[in-house]
Amino acid sequence: MTEVAEACGGIPLAVRLAADLVRDQAADRLQDLLAELRAPDGRLGALSRRSGSGSLREVLARSVHRLDDDAHLVLRRLGDLPGHSHDLRSVRVVTGLERRAAARAVDSLVRAHLVDRLPPRRLMLHDLVRDYARELAAVQDGGRPLGEAFAAYCEQQLRTARSAQAMVTPVDHQDPRTVAPLFDDRASAARWLDCILETLLATAERAAAHGSLDFAPQLSALLRRHLDEHHRHDEMERLHRAALRAAQAQGSPSGEDTAQHNLGILALRRGRPSVAREHLRASLEIAERIEDDERSAASRNFLAGAYAAERDLGKAVHHLQESIGIYRRLKLPTVIHPLTNLATMRRWTGRSHLAMPLLQEALALAEQAEPADRPRYRLGPQNEMTAVQVARRDPQGALHAAEEALELSQRLGRWPKASATLAWRGTALWQQGRTEEAVRQIRDALDLAEAHQVSLGLATAHNGLAEVFRDLGRLTASEEHHRAALEHAGVAWEEELRAHRGLSETCRLTDRVTEAEAHLAAGLRICEAVDHQDTADLRRMLSAG
């Protein structure tokens, strides 16, 4: 009966009715009832068949019959709203009631146990009550109880979400004072977003299907950074897909382009390069069709990331060079992004000497940007400069770059993504012989990456610790960290290559020749796929045994 109770939402009456229905029945009857209770269009009907305790519809009808007209109206409107979490502002928007009248109506519903109050000042209907409220609305309101009120409700939700976002994760250079303040502080805004998120997503999906076509795209733009920073990737995908459906229904190529672009970036961050490639190619095709050169350059920049993750460096570099060419023609400072990414690919393939001029150009362009924009334009190149200087065995240069990169990360609120730079800073300290400091720094990087689920940061930190421990003769610990790096590397083949090379060396030092050769062979396969500078060296090492 545990599953039945869960399907009934724990409502005592519903559980009792379900128990009456399955008493003295065979086990397969219980499974049939469970199937009905889990079906959105079947649960109310299943619990409204006559039993020893009566019918759920009869009990709900008696409760609703005692309501006054305002409370009855609020119940029907709440039943038709998407999601589960609402507040008094929403009630007023969809009913047209004054504040005091709306509050009295809500109090009546709470006393009748038809609505629950949840902190902070939220209202919730159980699914069974919602089903009944919708039945009432279908009879009394012609099946479309919200009508034009839904558009007003969407606007109210956007206004509140905009105010919350301005306090929780303001966009670069946004002054929160330009947004109507609806929350006392950052904590209350964050609580609201957390409580309301599922309702916002359900509203976006309803709006995309039923006419309020601007809601999902606006909400997608508004919450993208907040959801990304909190790793709410499933929710991001739902929101971007709703925005895509809305743009298609609206016949808006630019809106469809934006949604495809966002879905591609999300797939790339989730380690799904083939999915990312399809979305970004769709975005690129639309951008070129509508002659949006800036979006074309941006899509090519991210499309390069998808190809790089699939180890197709030829196509990756092609798209980066195309992106750089378009941005240069448009004279936009965003050319800094593909320049930095091209430098990263040069480093990944063992050509750090080719990365330096690209990063120097990117940093020079950042200095030419508007003063308010310089920090965000310098952050990417300085992060990459840290890794490049480590690869070139210039620890002093790496520490200098890391200092600015970490300060910028802190200032811009991008600290969760700084774990890889922290790890590279630790490796630079190790190169200087400051081993204890190096271990502490890389462990800090590991903690940060674990706290914020940054896979690349985890792989980079584990490899960094492994190299330090191997140098200290702690071969077991070194091997453990290299293997952990392999687990977290995902599509980050550069860290996978680093781990295989490290494991090969550790196995060689512990006289495990066969394992050493296996890791060296795995590294060679990666090198050959991406035309790595060290391909010939690894081939010779493998041949020499």
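Guide: Let's start with a term: buried means under 20% relative accessible area, exposed over 50%, and partly exposed in between, using a 1.4 Å probe and protein chains only.

Visitor: Okay, so is Cys195 buried or exposed, or in between?

Guide: Cys195 counts as partly exposed, because its relative accessibility is 28%. Cys527, at 0%, counts as buried.

Visitor: Before going on, what kind of model is this?

Guide: It's a predicted model, where local features need pLDDT of at least 70, side-chain atom pairs count only at pLDDT 80 or more, and totals for chains, interfaces and linings use all residues. Residues are numbered from 1 along each chain as its sequence is written, and side-chain values use heavy atoms, with hydrogens and water left out.

Visitor: New topic: which residues touch the most other members in the largest nonpolar core?

Guide: Leu75, Leu219 and Leu223, out of 61 residues. Helix H11 gives the most to this core, with 10 residues. Such a core is a set of buried Ala, Val, Leu, Ile, Met, Phe, Trp, Tyr and Cys residues joined through side-chain atoms within 4.5 Å.

Note on methods:
Helices (H or I, at least four residues) and strands (E, at least two) are DSSP runs, numbered from the N terminus.
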